[in-house]
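Subject: Structure for your review

Dear colleague,

Please find the structure below, handed over for your own work. My notes on it come after.

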Amino acid sequence: MALRPEQAKALFEMVLGTRDQEMTCDECMAEIAEFVEVQLTGKPLSDAIQAVHEHLERCHDCSDEYDVLRQALEALAEEEGR
Amino acid sequence: MHAPRENAIWIRDLRACGPVQAEALTDLRGLLLRGLAKSFQARGALDQAFVEDVVQQALVHILDHLDQFQGRSRFTTWAMAITVRLALSALRRTRWQDVSLESMSAAIEDAPAWDRDDTTSPAQHAEQHAMVETLRRLIDEALTDKQWMALTAELGGMPLEEIARRMGSNVNAVYKLLHDARQRLKHGLEMAGYTAEDVRSAFA
């Protein structure tokens with residue numbers, strides 16, 4: 001194994017950022033609609049929703065889905081506001 | 001122009017038959033098409049035929065899973081989340097269709113050792129090597145071949161969904177496999193005396 005420095009750094013960060021209890025992708029997606037609405041309205045995060053935030057920081061796939069969902073909802077809200 | 005439906009009205013109308021359901025489906029289809037098209041347009045990746053195909057799949061999925069809507073968000077947000085997930089899943093499948101797990105592992109296992117560059121001091125380079133050696137030992141001792149293969153694929157950017165597909169598994173199971181691998185390596189690094197701060201300092 002000969003990790004490049006940036007790969008080694010990424011792997012170390014993935015490993016050292018591990019928590020004992022982590023939300024899975026399916027659990028995150030079950031909460032994502034509520035989470036994005038909370039984010040868009042600027043309300044404080046409840047503990048349950050905070051776990052979604054933590055998962056999104058770790059998971060590129062779910063984070064990508066959140067970004068696209070948020071963009072879609074923002075576009076629709078803008079359309080409604082016109 | 002109709003007033004926006006409340007959640008209960010969406011569910012009632014989509015469960016209805018005939019023109020009531022048809023009208024609700026038309027409204028929902030239009031909303032999902034506009035939302036998805038605009039978000040993809042913002043990313044510079046709009047393919048109208050693809051968007052229409054995904055929305056059609058999403059409508060079928062939504063109708064089949066109405067009982068799973070728990071009412072903790074607007075119905076349309078829930079429906080859009082399903083649509084986005086289907087869209088990105090299809091894009092990932094296309095993007096990664098020709099990449100195997102073995103090629104992801106080989107890219108790391110067969111890479112040549114890196115030389116010190118001008119921005120790294122000899123001491124820092126030695127520290128980096130010591131850390132990577134420790135990590136390599138821990139990987140050999142603590143991880144299964146399956147965990148290492150999944151970890152290298154994730155490190156290379158392969159989506160979990162695609163890793164799962166190649167392993168004949170599902171995203172949840174792969175996430176748990178990777179979580180267990182990360183926990184084992186974290187425990188080993190902590191036992192070896194390394195902290196997150198040490199890593200940030202060595203690879204700064």
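This is a predicted model: local features need pLDDT of at least 70, side-chain atom pairs count only at pLDDT 80 or more; totals for chains, interfaces and linings use all residues.

For the complex, the predictor gives an ipTM of 0.88 and a pTM of 0.85. Chain A has a mean pLDDT of 88, with 96% of its residues at 70 or more. Within chain A, the lowest mean pLDDT among the elements belongs to helix 1 (residues 5-16), at 83, and the highest to helix 2 (residues 25-41), at 93. For chain B the average pLDDT is 90, and 94% of the residues score at least 70.

Turning to the interface, 44 residues of chain B are in contact with 36 residues of chain A. On the side of chain B that touches chain A, two or more residues come from each of helix 2 (18-42), helix 4 (75-95), helix 5 (101-109), helix 6, helix 8 (160-167), helix 9 and helix 10 (196-202) of chain B. Helix 9 of chain B gives the most, with ten residues. By class, this side of chain B has 25 nonpolar, eight polar and eleven charged residues.

Two of these helices also meet within chain B. The axes of helix 6 (residues 122-142) and helix 9 (residues 171-191) of chain B come within 10 Å and cross at roughly 130 degrees. Because of that angle, helix 6 of chain B is oblique to helix 9 of chain B. Their crossing is right-handed. Helix 6 of chain B makes the contact through B:Thr134, B:Leu135, B:Leu138 and B:Ala142, and helix 9 of chain B through B:Arg184, B:Leu185, B:Gly188 and B:Leu189. Five of the residues in this contact are nonpolar, two are polar and one is charged.

A:Glu22 lies in the loop between helix 1 and helix 2 of chain A. Is A:Glu22 buried or exposed? A:Glu22 counts as buried, because it has 20 C-beta neighbours inside 10 Å, and 20 or more is the cut-off for that class. Leaving aside residues up to four places away in sequence, A:Glu22 touches A:His55 and B:His179. The C-alpha atoms of A:Glu22 and A:Ala51 are separated by 7.8 Å, although the two residues are 29 residues apart along the chain.

With kind regards

Note on methods. Residues are numbered from 1 along each chain as its sequence is written. Chains are lettered from A and ligands numbered from 1 in the order in which they are written. Axes are lines fitted to C-alpha atoms, for helices over the stretch in contact, and angles run from 0 to 180 degrees between N-to-C directions. Helices (H or I, at least four residues) and strands (E, at least two) are DSSP runs, numbered from the N terminus. Angles under 35 degrees count as roughly parallel, over 145 as roughly antiparallel, 65 to 115 as roughly perpendicular and the rest as oblique. A crossing is left-handed if the near helix is turned anticlockwise from the far one by less than a right angle, and right-handed if clockwise. Two residues are in contact if their C-beta atoms, placed from the backbone, lie within 7 Å. Ala, Val, Leu, Ile, Met, Phe, Trp, Tyr, Cys and Pro count as nonpolar, Asp, Glu, Lys and Arg as charged, and the others, Gly among them, as polar. pLDDT is the predictor's confidence in each residue, from 0 to 100. A residue is buried if 20 or more other C-beta atoms lie within 10 Å of its own, exposed if 12 or fewer, and partly exposed in between; C-beta atoms are placed from the backbone.
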